[in-house]
Amino acid sequence: VKPGYAPENRAAVDVAESGPATDLGDIALVPGETVQGLVVDENGDPIEGVTVRASEAGGGGMMFIAGGASVTEDEADATTGPDGWFTVSDLAPDRPVTLAFAREGYLDRSEAEIALPAAEPLEIVLQPSSVLAGTVLDPEGAPVPGASVTLTRTVNATMGNRMFSAISREDRPTDGDGRFRFEGQRPGTVTLEASGSGWQDLTLDGVEIPRGEDVLDVELRLLPGAVLVGRVTAPDGRPVSGARVAEVGSGGGGLVMMPGEGSASDGDGYYRLEGLEPGLRSIEVTHESYVRTVKDLDAKPGINTLDFEFEGGQAVRGTVVDPDGVSVPGAFVQLNPAGQRWGGPEATTDGDGRFEIAGVGDGEYGVRASADGFAPYAGDLRVRVDGAPVDGLSIPLAAGASITGRVLGIEPDRYGEIAIE
């Protein structure tokens, strides 16, 4: 790198750990190109303090999005002066460049695929951005600190003869006075959603942001909500992790829950479901390994308790044996639904190497098994449950092997920091 010249990079240089120095050969620098331009507002007045960042078109340093620019926080390549002019120097002459422009109070903009050398100075017009702000209040008009406010914007676009929608979300917490603030907003219609512990979720559709104008007086009033807490257990009383608890009809049901789609039970089976409207509610709990369970509840404002125990399902029984066919006591056995490698119903073999997993829902399952002194089960045994118990499974474990070794290159007092997997 040298001022006045375009930077030159040597990619994937192979440097040996020992031996002679790596010879990079001659590195020829070529004089750099320059891009100049003027940044103005919609009235043609110059804008001072606009940061300009350059990247090679298609490079990985920045990502540009249609209608705006998202740039890294690297030092600006140029900043406009009082007259609005900027100069970006030392650009490679044979590589198109993309420029990103940003300043508080204006919408970000990018100018892509600028061929070098540039024929004439650029003129960049920045549009003013807006601020959307307001307050989250309780029914008496007191502020609600610590609430979460989400701004959702949907943009419809076409590509060829196909139409698609792009959805963006921004989240802000309310401060001690219940205030929230979204800066850098484009004109258009947005949706605001507010939520907080102990309050009903609130959705306000059709919030208009005029072009270049701030909207500062939005009020979101929350109503007292019902909070549902409890525990999810299997038919044999074991806690169920990853069960989805939600109001019936709230959507979702997949392995990955989206906002508003309920609550997942933790490793001990406990869950907490916020934002329910008080009154009669039907609550469902679902899990791939068990039959869906539904309970009705007259939810009151505040904390409500509702436990779930999965019912039905079938028993799966079998034995874990060693290479000689001898039973293995204390072995861990787990059934996992197709496409899932964890979280299914499980059991531990008794003194005779036998196991029973109760309450298994219909479907096909893979098998995991392990025991001290043995290698984990690596076979392809599949278990199919179809309305009847499954008996007589035999899961063979191979003798385990040990790997021993020595770790070098670290001080002895740091041996406790080493983990080997």
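A: First a definition: helices (H or I, at least four residues) and strands (E, at least two) are DSSP runs, numbered from the N terminus. By that count the chain has 0 helices and 31 strands.

Q: Where does the model come from, and how are residues numbered?
A: This is a predicted model, in which local features need pLDDT of at least 70 and side-chain atom pairs count only at pLDDT 80 or more, while totals for chains, interfaces and linings use all residues. Residues are numbered from 1 along each chain as its sequence is written, and side-chain values use heavy atoms, with hydrogens and water left out.

Q: What is the radius of gyration of the chain?
A: The chain has 31 Å, whereas a compact globule of 421 residues would be near 22 Å. The radius is taken over C-alpha atoms, and the globule rule is 2.2 Å times the number of residues to the power 0.38. Along its principal axes the C-alpha trace spans about 85 × 75 × 55 Å.

Q: How much of the chain is buried?
A: Buried residues are 34% of the 421. Buried means under 20% relative accessible area, exposed over 50%, and partly exposed in between (1.4 Å probe, protein chains only).

Q: On to sheets. What is the strand order in the open sheet of 4 strands?
A: The order is β5-β2-β7-β8, with antiparallel pairing. Two strands pair if DSSP finds at least two bridges between them. The edge strands, β5 (78–79) and β8 (109–114), each pair on one side only.

Q: How many bridges are there between β2 and β5?
A: Strand β2, residues 51–56, pairs with β5 over 2 bridges. T51 stands opposite T79 of β5 there.

Q: And the sheet of 3 strands, what is its order?
A: That open sheet runs β13-β10-β16, with mixed pairing. Its edges are β13 (179–185) and β16 (215–221), each pairing on one side only. Strand β10, residues 130–137, is antiparallel to β13, and 5 bridges join them.

Q: Now single residues. Is R281 buried or exposed?
A: R281 is buried, because its relative accessible area is 15%. R281 lies in strand β21, residues 279–287.

Q: What about R382, in which strand is it?
A: R382 is in β30, residues 382–385. R382 counts as partly exposed because its relative accessible area is 41%. R382 and E364 are 18 residues apart in sequence and 6.8 Å apart in space, C-alpha to C-alpha.

Q: Which backbone features are worth a look?
A: Most residues other than glycine have a negative phi, and most peptide bonds are trans. A cis peptide bond joins L116 and P117, with omega about 0°. P117 is in the loop between β8 and β9 (122–125). D90, in strand β6 (residues 85–91), has a positive phi near 60°. E113, in strand β8, also has a positive phi, near 55°.

Q: Is E113 buried or exposed?
A: E113 is exposed, because its relative accessible area is 54%.
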